[in-house]
Structure formats: C-alpha cells, structure tokens
Amino acid sequence: MKSGHSPSVPLPPDHVTASPPPALRAVEVSHAFGDRTVLRGVSLSAAPGEVVAVTGPSGSGKSTLLHLLGGLDTPGQGEIWWGEQRVDTLDTQLRAGWRAQLLGFVFQHHYLLEDLSVAENLQVPLLLAGQAQDSPERVSELLDAVGLGGRASESTGVLSGGERQRVAIARALATRPRALLADEPTGSLDQANSRLAAGLLFSLARQQGTGVLLVTHDEALAAQADRCLHLVDGVLSA
Ligand SMILES: Nc1ncnc2c1ncn2[C@@H]1O[C@H](COP(=O)(O)OP(=O)(O)OP(=O)(O)O)[C@@H](O)[C@H]1O
Ligand SMILES: [Mg+2]
C-alpha cells in the first residue's frame, strides 16, 4: 500500500478477517468476441492488498479484462490465478461460489436489482456469502457511509445515476471482500461524492488490506493507486 492516503470517510469497524488477501496473477490472457479480438496477451500481477488502477480509451477492453479477472467470464486463452486458486478453469457454479466468498464487484453499469429495495440489494451478496446474520447492521452502516441512510426501503428504480452508483459501491463492500474490482466507480458522481467514494475504496484497502483493481478515467482517483497500468487496443502496459 502506498502511504499517505488521507481517508475522507472512515469505514465502520471491521471484524477480524479469516484469511489474508490473495495475490492476483493473469498470464497471457487473450480474448475475442466473435472475430473481434479485445485482449491480446495481457499479463498482470498484483500483490496482496495492492491498489492498481487501469486506464485506457473507450473500447480498449478494460471492462472485459475486469470481468475475466473476476471470473464472470472465461478467457479464450491464458490463465487467471487468485492466490493458489486458478479461476478460469473452474466451472460456472464453482466460480460463482468462489466469487461470492472473495470478491466485491462495482460494475460500470451498476446492475442493481430493480425489483428490490436499496437495502435488499446490499443483502444479496451477504446472503450469497453466508453472512446473512450480519446483514441489518452491515447494510445500515454502509448506506450511512455512502450518504443514503434514509433511502433503505426505496426501490432502486427511483434513484438518480449517482445514487445508484453509491448503492453499487456499498453493495460491493458489503461482504468485506478480500479483493475489489471496480469499473469506473466514480463515473456518475459529482466531485464531492467522488471523493466520498474514493475515500471508501481506499479506506477499505488500507484498513482491511483489500486488494483493489479499478478502472477509471478519473485522474485524481488513479493517482491514489499504488500503481497505474494502461490498456490500449487490448495491450496492457505500465
Ligand atoms: N459481450 C460482448 N459481445 C461482443 N462484443 C463485446 C462484448 N463485450 C465487449 N465487447 C466489445 O469489446 C470491446 C471492448 O469492450 P469493453 O467494454 O471491454 O471496453 P472498455 O475499455 O471498458 O470501454 P469503455 O471505457 O467505453 O467502458 C468493444 O469493442 C466492445 O464492443
Ligand atoms: Mg468499460
């Protein structure tokens, strides 16, 4: 971890976490959609607890890379490892179980469950990770942390873009994941809420040793990472 991040938002007190965060390693990952090659031999290592930013032009493959690293999809070629676990060879069900235990994900397009309330959206990952017993307290402290404490029972369908993004961030943090993948986590936020969201993400990394891989166009956010990588036309470089 880079020192000197000044937390703007303290995280709620943590439980003692059982396992150290795993290192991430991607080896020569290539991927195509039909005849369009999107990733070309991407190799990447991140130390446990490291915060890595990935920047690059629109369409360069950033979201695709994040989805592959998070086991949402499997690469055409290459290997993806989290700690001792090779993830790309697990079947879909095992990958889903692994992901629920280890990862938090902030999607570029949020993917909130529209039929559920704000609080219920945060409860889903807690249920999937077997942490339902912690759910009410955890949900309310996280919603307070993202400034949405009064909105718990509302449908996510009525929220503004920035509010939806804050729910997505809170949901990604719900299980106290060992690693967090965040795709443009401040893309819909004004400056004040961007700072709040960045404070939450980096507090998580600092206080709990959570590894963070974030895709961003926000230079202020990228500058807070330990390391910044660039993806251009499917090729990753430092
Ligand atoms: N499921 C899919 N099927 C077909 N093509 C896809 C699919 N997902 C992504 N692509 C294509 O892969 C390329 C890279 O997409 P990706 O979403 O990874 O880019 P990105 O770097 O995240 O862009 P942005 O900054 O605009 O979010 C694009 O040309 C996109 O059209
Ligand atoms: Mg994208």
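This is a short tour of a predicted model, stop by stop, for you to follow in your viewer.

Some housekeeping: residues are numbered from 1 along each chain as its sequence is written, chains are lettered from A and ligands numbered from 1 in the order in which they are written. In this predicted model local features need pLDDT of at least 70, side-chain atom pairs count only at pLDDT 80 or more, totals for chains, interfaces and linings use all residues, and side-chain values use heavy atoms, with hydrogens and water left out.

**Colour by confidence.** pLDDT is the predictor's confidence in each residue, from 0 to 100. The protein averages 89, and 92% of the residues score at least 70. Now select residues 1-17: pLDDT stays under 50 there, although the model has 38 contacts beyond four places in sequence for this stretch (contact means heavy atoms within 4.5 Å). Where pLDDT is low, the predicted coordinates should not be read in detail. Helices (H or I, at least four residues) and strands (E, at least two) are DSSP runs, numbered from the N terminus.

**Select ligand 2, the magnesium ion.** Ser63 (OG) and Gln108 (OE1) coordinate the ion at 2.0 to 2.2 Å. Donors are N, O and S atoms within 2.8 Å of the metal (3.2 Å for Na, K and Ca); water is not among the atoms, so sites may look incomplete. The two residues are 45 apart in the chain: Ser63 sits in helix α1 (residues 62-69), Gln108 in the loop between β6 (103-106) and α3 (118-128).

**Move to ligand 1.** Of the 13 residues around ligand 1, Ser58, Gly59, Lys62, Thr64 and Gln108 come nearest (near means a heavy atom within 4 Å). From Ser60, a backbone N or O atom is 3.2 Å from an oxygen of ligand 1.

**Select strands β1 and β2.** Strand β1 (residues 24-33) runs antiparallel to β2 (residues 36-46), with 7 bridges joining them; two strands pair if DSSP finds at least two bridges between them. Arg25 stands opposite Ser45 in β2. The hairpin has 2 residues between its strands, and Gly34 in the turn has a positive phi of about 60 degrees.

**Finish at helix α2.** Within residues 92-102, Arg95, Trp98, Ala100 and Leu102 are buried (under 20% relative accessible area; exposed is over 50%, partly exposed in between; 1.4 Å probe, protein chains only). Their cover includes α1, β6 and α3.

Note on methods. Polar contact = N/O pair within 3.5 Å; in protein donor to acceptor, adjacent residues only side chain to side chain.
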